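Please open the structure in your viewer and keep the selection tool at hand.

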Amino acid sequence: MKITPIEKTQNFCFIIPALVLFLIFSLYPILRTFQLSFFQWNGIDKDMLWVGFAQYKHILFNNPAFWKSMLNAGYITILALTLQNGLALLLALLVNKNIKGENIYRTIFFLPPVLSGVVVGLIWKFVYDGNFGILNYWLTSLGFTNFADFAWLSEIKTALSSVAVVHMWKGFGYGFIILLAGLQTIPVDLYEAAEVDGADAWQQFKNITFPLLIPIITIVMILTILGSMQVFDLIYSMTRGGPAGHTHVPITKIYEYMSNGEFGYSTAMAVIFGIVLLVVSFAQIYLSKKFNYDR
Amino acid sequence: MNFFKFQKRLKSGVTHIALGAVAITCLFPVFWMISSSLKTQDLIFSKMTLLPEVWNWSNYVTAFVKADFGAYFLNSVFYTVVGVFFIIFISSLAAYAFARLEFPGKNILFYLLIATLLIPIPGVFVPLYLLLKSLGLIDTRLGLLLCYISNGLAFAIFLLKGFFDDLPREVEEAALIDGCSRFGIYWRIAVPLAKPAIATLVIMNSLTIWNEFLLALVILQDKAKMPIQRGLMVFQGTFITDYPLLMAGLTIATIPIVIVYLMMQKHIVKGIAAGALKG
């Protein structure tokens, strides 16, 4: 069928609404982020001051608070990658064994990811409360009386780890669902053949499950990295970056600078952070491919 | 033989104990929120009980009457319903065009769209804030809605295009020969066939919009326009020590999501798996 110019124009009408919204509210803000990052600007003045890479340099070399926020997010991310994903994989393996009540477990494990970050943050803030929180009540009942009025989220030593625990509580169900879906795509006859050959459970996991699951594990790892590094709602609702910046993460930092009217500086920070995220996800993909081909 | 049976039973028992412990850990904070929302302030301050001594519904009344929760709730319903409707309508139109029609710049546009899905772009809320300000849309319902709609488009177009690609073309070609317009085919044939994919998208986008907080924080100042997640933070600042009242607010914000989740679980799980495994 030949397509006339009129038809082409008619066809184009189908994508106009999406195109207009995409260009204005997705693409333009991305380009604008790069542009703003080279200017010093408070968002009000008519003139924006061109400063080149000065803000980048300042963030990279003279802003320890930014690096602290990166380390904090990194800490949450590493805990999520190891503990949270380890738990998710273990649970997926257990549930995958045709046990009774698979659906019930699945429903319950995926409940925390469905809840909003603000709701989860505020519930746990109450659980952690020094005086009226149930955590300290249990700890004192168990005999740890020095926790009687311990404020988990206001103590420098415990604030970040306390937030990380909540983040993992909220997140493991997500990895669990994806890993379980992945496990269920592995053909059963592979295990039957292995059984005939006398392979035990660990050998089956090592030689069948794990290698075949690597692509899925990679996806879960990348989603975990991107989600954990960019955590915001939980931090904002639990600590707002406190005490004394000990739970600040890059997004709360960017938000803070923006709220102070430092639009250029905050976008430069966003660009640096975006590049870090991109590098980390590509490194992850590269490593998993290499690992995969070596086998 | 008996020994093996015993061993098997023991194994499954241990499995269920482990899974059950995790399940309780998942459920307890939610239970605690609901239980505390029915307590009085005095009880919270004086005694630790798992369940309220008397079921005290007054926190819910106070939340709705004194703390603007009625307005927050309705705003969230509005943003979610209108936002999801436009995401589905606009993205299905575009996805149909990407799957079936010829037009200039088709491939470039599609790759550009997918690129924004794959590349992490933190902090776009900064230029979005400036953009809405210069458009006069800051602190307006329309401004927030436009951001929600455009945020949902890329993934929806990606998912629906994949779905439309797999549909057989014969019916559409027959309809075309019978004189049906392209829009007629999209509306009467393609959209009804795409119902499963659309259902998944409706649920996932509803969850996303209902739970969204950061954009609402950046864009809205006026309490009358705030969705419930944003309202919760305002509320928490005002009634900082009134935990039962706060828990009532949290419960109000959570119940619709939990109901939708329990009813539509399969679609959600499918959507997550589709999103992750295809990406």
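Which residues of the largest nonpolar core touch the most other members? Among its 159 residues, they are A18(A), M269(A), A94(B), L153(B) and I157(B). Here a nonpolar core is a set of buried Ala, Val, Leu, Ile, Met, Phe, Trp, Tyr and Cys residues joined through C-beta atoms within 7 Å. A residue is buried if 20 or more other C-beta atoms lie within 10 Å of its own, exposed if 12 or fewer, and partly exposed in between, with C-beta atoms placed from the backbone.

This is a predicted model, in which local features need pLDDT of at least 70 and side-chain atom pairs count only at pLDDT 80 or more, while totals for chains, interfaces and linings use all residues. Residues are numbered from 1 along each chain as its sequence is written, and chains are lettered from A and ligands numbered from 1 in the order in which they are written.

**Stop 1**

Helices (H or I, at least four residues) and strands (E, at least two) are DSSP runs, numbered from the N terminus. Next, select A94(B). Leaving aside neighbours within four places in sequence, A94(B) is in contact with F14(A), I15(A), A18(A) and I157(B). Two residues are in contact if their C-beta atoms, placed from the backbone, lie within 7 Å.

**Stop 2: where the chains meet**

Display both chains together. The contact between them takes 67 residues from chain A and 70 residues from chain B. On the side of chain A that touches chain B, helix 1 (residues 5–36) of chain A gives the largest share, 19 residues. By class, that side of chain A has 51 nonpolar, 13 polar and three charged residues. In this classification Ala, Val, Leu, Ile, Met, Phe, Trp, Tyr, Cys and Pro count as nonpolar, Asp, Glu, Lys and Arg as charged, and the others, Gly among them, as polar.

Now select I123(A), in helix 6 (residues 117–128) of chain A. I123(A) counts as buried because it has 24 C-beta neighbours inside 10 Å. Not counting residues up to four places away in sequence, I123(A) touches P29(B), W32(B), M33(B) and L250(B). Within chain A, the C-alpha atoms of I123(A) and M238(A) are separated by 9.2 Å, although these residues are 115 apart along the chain.

**Stop 3: chain A**

Select chain A, which has 13 helices and two strands. The radius of gyration of chain A is 24 Å, whereas a compact globule of 295 residues would have one near 19 Å. This radius is taken over C-alpha atoms, and the globule rule is 2.2 Å times the number of residues to the power 0.38. Along the principal axes, the C-alpha atoms of chain A fill a box of roughly 80 × 75 × 35 Å. Of the 295 residues in chain A, 42% are buried.

A cis peptide bond, with omega about -10 degrees, joins G242(A) and P243(A). P243(A) is found in the loop between helix 11 (233–238) and helix 12 (250–259) of chain A. A244(A) also has its place in the loop between helix 11 and helix 12. A244(A) has a positive phi of about 50 degrees although it is not a glycine. With 10 C-beta neighbours inside 10 Å, A244(A) counts as exposed.

**Stop 4: chain B**

Select chain B, which has 13 helices and zero strands. The radius of gyration of chain B is 24 Å, well over the 19 Å that the globule rule gives for 279 residues, so chain B is more spread out than a compact globule.

Select D68(B), in the loop between helix 3 (58–65) and helix 4 (69–100) of chain B. Is D68(B) buried or exposed? D68(B) counts as buried, because it has 20 C-beta neighbours inside 10 Å. Phi of D68(B) is positive, near 65 degrees.

Finish with V269(B), in helix 13 (residues 243–278) of chain B. V269(B) is partly exposed, with 18 other C-beta atoms within 10 Å. The C-alpha atoms of V269(B) and T200(B) are separated by 8.9 Å, and the two residues are 69 apart along the chain.
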